[in-house]
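Open your viewer and load the model.

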Amino acid sequence: MAVIETAEKMLPAGLRPIGGRTLRLLAAVLTERGERAAAQRMALTAFSIRILSAALAFVSQIVLARLMGEYEYGIFVFVWVLVVVFGDLSCLGFHTAIVRFLPQYRAAGAFEEIRGLTVTARIFALLSGTAVLAAGMLGLHFFGDMIQVYYLVPIFIGLLAMPMIALGDILEGTSRANHWPVMALSPVYIVRPILIILFMLIAIAIGADHTAVTAMQAALVATYVTALGQYAATLYRLRRHYDNGPRKVDFLAWFSVAFPIFLIEGVSFLLTNSDVVVVGIFLEPHDVAIYFAAAKTMALVHFINFSVKAASGPRFSSIIAEGNHGELAAAAIDAARWTFWPALGVGLVVLAAGHLLLSLFGGAFTSGYLVMAILLAGILAKSLVGPAETLLMMAGKQNLCVALYAGALTANVGLNLALIPHYGIEGTAIATASAMAVEAILLHLAVRRTLGIVLFAFASPSAATPEMRVR
């Protein structure tokens with residue numbers, strides 16, 4: 001309290017009321033106990049990591065664009081997006097199933113199940129990632145003549161990273177389920193981007209070409225170093241918390257939940273990244289580079305939803321296990337507010353500095369400013385319902401989410417196909433923003449009808465039915 005009072009006195013008189021409230025709220029978040037405070041601390045930590053990671057990702061993309069030029073940079077980002085998308089999908093939902101089951105097992109003291117779940121998920125990720133690698137290689141062999149020649153070698157290199165990307169996603173889910181946000185997020189979102197730039201600079205220093213192939217080689221090495229280091233650190237921490245002992249494996253029960261989650265998150269992930277993929281298929285690498293730079297700049301806003309989602313999953317799971325509908329409604333609306341207001345503030349600041357930020361990539365990239373403005377509208381629409389998809393998944397409504405996301409993805413792809421020929425990358429931005437709005441509306445209606453919660457950033461937790469309808 002003495003620190004807070006001292007800080008309040010240092011503020012200008014006009015800012016003391018709101019500044020004091022903010023400081024007291026922050027102090028409460030950092031010091032209180034309980035599930036809500038733990039979730040808020042995790043959200044704050046995840047938010048801080050994502051701020052740093054967004055800055056690092058932004059700087060790293062600027063460096064790569066400057067090193068390679070628009071054309072080669074466009075090739076790299078298109079292939080790298082494909083690699084990350086299929087690497088994530090190869091987990092078949094197990095990385096989120098861990099977040100669903102582990103907190104419940106921990107609350108019940110079921111440590112045998114925890115040990116079995118975490119080991120099974122890691123093995124499964126390596127096997128499934130390797131299967132995607134093999135399928136991709138066969139695809140290149142039989143259908144390589146249908147792919148633009150400048151994509152062939154980068155795709156071949158990217159496929160080799162599949163098992164490690166899948167393993168990294170499982171390790172991230174394990175850490176999220178244990179409320180270890182730093183270990184969950186820092187390897188992929190901080191360490192790996194730094195290593196990609198470092199290895200790229202080393203390769204160029206020893207005489208490598210300034211091309212997408214060199215960048216993909218750097219990304220491959222960085223992915224292996226990051227994933228193996230994360231594996232060692234996570235395994236050490238798991239053994240400290242859950243001691244060695246017998247394991248209980250219930251693979252069919254886990255997979256019966258993981259696979260619907262895979263369908264949900266697969267469609268959601270495709271929805272998030274389909275714009276870059278469609279631009280890469282229909283337009284030239286130059287256009288891919290400009291669109292990706294604009295989208296990456298707006299990702300400084302979009303990561304807020306990810307941060308709140310990372311913290312909300314374990315909290316929703318614990319509350320649902322207790323069967324407290326009022327607390328679940330309050331937690332869901334809290335999450336929506338924690339998503340919308342920061343997104344609005346950060347979004348307006350990023351948009352105001354848009355021309356300057358895009359110019360850092362190169363002079364030609366400033367033509368993507370309109371894309372930034374359009375994408376912000378879609379991001380704000382989605383942020384109004386916060387991590388609604390996480391709430392539905394934790395409540396066992398996976399199949400409903402699949403249908404909702406399939407509808408949003410269909411709208412996105414259809415609009416892209418209709419608008420890209422006439423409006424280019426601006427058409428892609430309109431299609432993406434519209435799909436985000438459709439997604440938000442569908443999620444709001446689904447939560448209201450199935451859980452009786454009016455999930456909206458401006459709603460009151462009292463606007464809910466007496467019973468929690470969770471199967």
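Predicted model: local features only at pLDDT ≥ 70, side-chain atom pairs only at ≥ 80, totals over all residues.

Residues are numbered from 1 along each chain as its sequence is written, and side-chain values use heavy atoms, without hydrogens and water.

**Select the whole chain.** The protein chain has 16 helices and zero strands. Helices (H or I, at least four residues) and strands (E, at least two) are DSSP runs, numbered from the N terminus. Of its 471 residues, 55% count as buried, that is, under 20% relative accessible area with a 1.4 Å probe, protein chains only.

**Select residues 111-143 and 162-177.** These are helix H5 and helix H7, with axes that come within 7 Å and cross at roughly 155°. Axes are lines fitted to C-alpha atoms, over the stretch in contact, and angles run from 0 to 180 degrees between N-to-C directions. H5 and H7 are therefore roughly antiparallel (over 145 degrees). Now show the contact (heavy atoms within 4.5 Å). H5 brings residues including Ala121, Ala125 and Leu126, and H7 brings residues including Met164, Leu167 and Ile170.

Which residues of H5 and H6 make the contact? Val132, Leu133, Gly136, Met137 and Leu140 of H5 meet Leu152, Ile155, Phe156 and Leu159 of H6.

Methods
Parallel < 35°, antiparallel > 145°, perpendicular 65-115°, else oblique. Buried < 20%, exposed > 50% of the residue type's maximum accessible area, 1.4 Å probe, protein only.
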